[in-house]
Amino acid sequence: MTILEDSNFWHKSVLLNELVSAIKLDENKKNIVVDCTLWLAWHAIEVIKKMNPWDIFVGFDADNDNLESARKIIEEKVWDEAEKKWIKIYLINSNFRFLKEKLNEIWIDKVNNIYYDLWVSSVHLDDFNKWFSFRWEWALDMRYDRTSWITAKDVINEYSENDLYRVFREYWEEKKSKFIVDEILLQRKTKQIETTKDLLEIIEKSSFDPKSKTRVFQAIRIEVNDEFWVIRESVKDAVKILEIWWILAIITFHSLEDRIAKQIINGFIETEIDQITWQSLTKPVLEKVSKKPIEPSESEIRHNPRSRSSKLRIARKINNIT
Ligand SMILES: C[S@@+](CC[C@H](N)C(=O)[O-])C[C@H]1O[C@@H](n2cnc3c(N)ncnc32)[C@H](O)[C@@H]1O
């Protein structure tokens, strides 16, 4: 049984209406909208429904199973309608770090809406075949892209003491990591740490905080997939290829991710100041569409508790990068 056929499992979208209404379309031009994180295509379907004749929609997902789920759902729900309107749909199995290159391959160098719904999909936590969660025992892996060479097992067994500290400090920020790192170093002297169960035992031995398990697993996943660097590079490219006056939207799932989204957007808003005259030497590239990030309503949180820490940041491009 695949995850899509399992009635006990259903992924709910986050901030659906808020994201869809952030997407702006112009009736008098060919709009090109890019969804960088398709998965069950909840956002994509509503966006495609609102698109005009002859527009282009492009969706990415690094996980091929997720991309194929998106394809099935899009075919079932909006394909006919899109065909009637001559809307062209491209679905690309690629990490969004290759956004620019992949778009160039289909002759796209400018887009007018681009959005990200970051973090793993619920399937990565709920599906037995994905190996992201610690709820079951399996080999330590955690790669989105199974062809990439570094796994969670490599991080735990091969990283130096300093690198392990760096991973836990950067992606977790808790002092308790010292005890966990010490225990990892001790255990791996006698045998390889192979499975989620091995790692769980280490965490349970060295920290009483029940949240440590989630945080350690999250930190390792971020390192294995180089998630933060990838987000930075991809969003920078997204801003480059965005046409002036159009929209970048980012949904984040936890505070570390949101901090990165905020830093990138603010970096494009700040201008360089002349230290003598205090005049701006450069123009801001982005402006915020809403001053504060948009958060899920109480009713959304009630229906989908996993959405509670999500935030949506929306920005408009107002000048080219100089
Ligand atoms: C939270 S889900 C997106 C849910 C989707 N918006 C929906 O409405 O169903 C995030 C998706 O992004 C994908 N993903 C995560 N990191 C990625 C990356 N660097 N490049 C491309 N896809 C990525 C995951 O495989 C997952 O399918």
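The shell around the ligand holds 10 nonpolar, seven polar and three charged residues. Here Ala, Val, Leu, Ile, Met, Phe, Trp, Tyr, Cys and Pro count as nonpolar, Asp, Glu, Lys and Arg as charged, and the others, Gly among them, as polar. The model is predicted: local features need pLDDT of at least 70, side-chain atom pairs count only at pLDDT 80 or more, and totals for chains, interfaces and linings use all residues. Numbering starts from 1 along each chain as its sequence is written.

Stay with the ligand. Thr37, Trp39, Leu40, Trp42 and Ala62 come nearest among the 20 residues around it. A residue is near a molecule if its C-beta atom, placed from the backbone, lies within 6 Å of it. Helix H2 (42-50) and strand E2 (56-61) are the elements that give two or more residues to this shell.

Now the whole chain. It has 14 helices and seven strands. These are DSSP runs, numbered from the N terminus (helices: H or I, at least four residues; strands: E, at least two). Of the 322 residues in the protein chain, 38% are buried. Buried means that 20 or more other C-beta atoms lie within 10 Å of the residue's own; exposed means 12 or fewer, and partly exposed lies in between, with C-beta atoms placed from the backbone. Take the contacts between residues at least 6 apart in sequence: 72% join residues at least 24 apart. A contact needs C-beta atoms, placed from the backbone, within 7 Å.

Next, look at helix H9 (residues 177-190). Which residues of H9 are buried? They are Ser177, Ile180, Val181 and Ile184. These residues lie on the same side of H9, because they cover an arc of only 100 degrees around the axis. The arc is that of the directions from the helix axis to the C-beta atoms. Their cover includes helix H7 (152-158), helix H8 (161-171), helix H10 (196-206) and helix H11 (211-224). Leu186, Lys189 and Thr190 are exposed, on the face of H9 turned away from its buried side.

Finish at strand E5 (residues 242-252). Eight of its 11 residues are buried, so E5 is largely enclosed by the rest of the structure. Strand E4 (residues 111-117) runs parallel to E5, joined by six bridges. Strand E7 (residues 311-317) pairs with E5 in the antiparallel sense, also over six bridges. Strands pair if DSSP finds at least two bridges between them. Follow Ala249 in E5: Tyr115 has Ala249 as its bridge partner there, and Ala249 has Ile314 as its partner in E7.

Technical notes. Contact = placed C-beta atoms within 7 Å.
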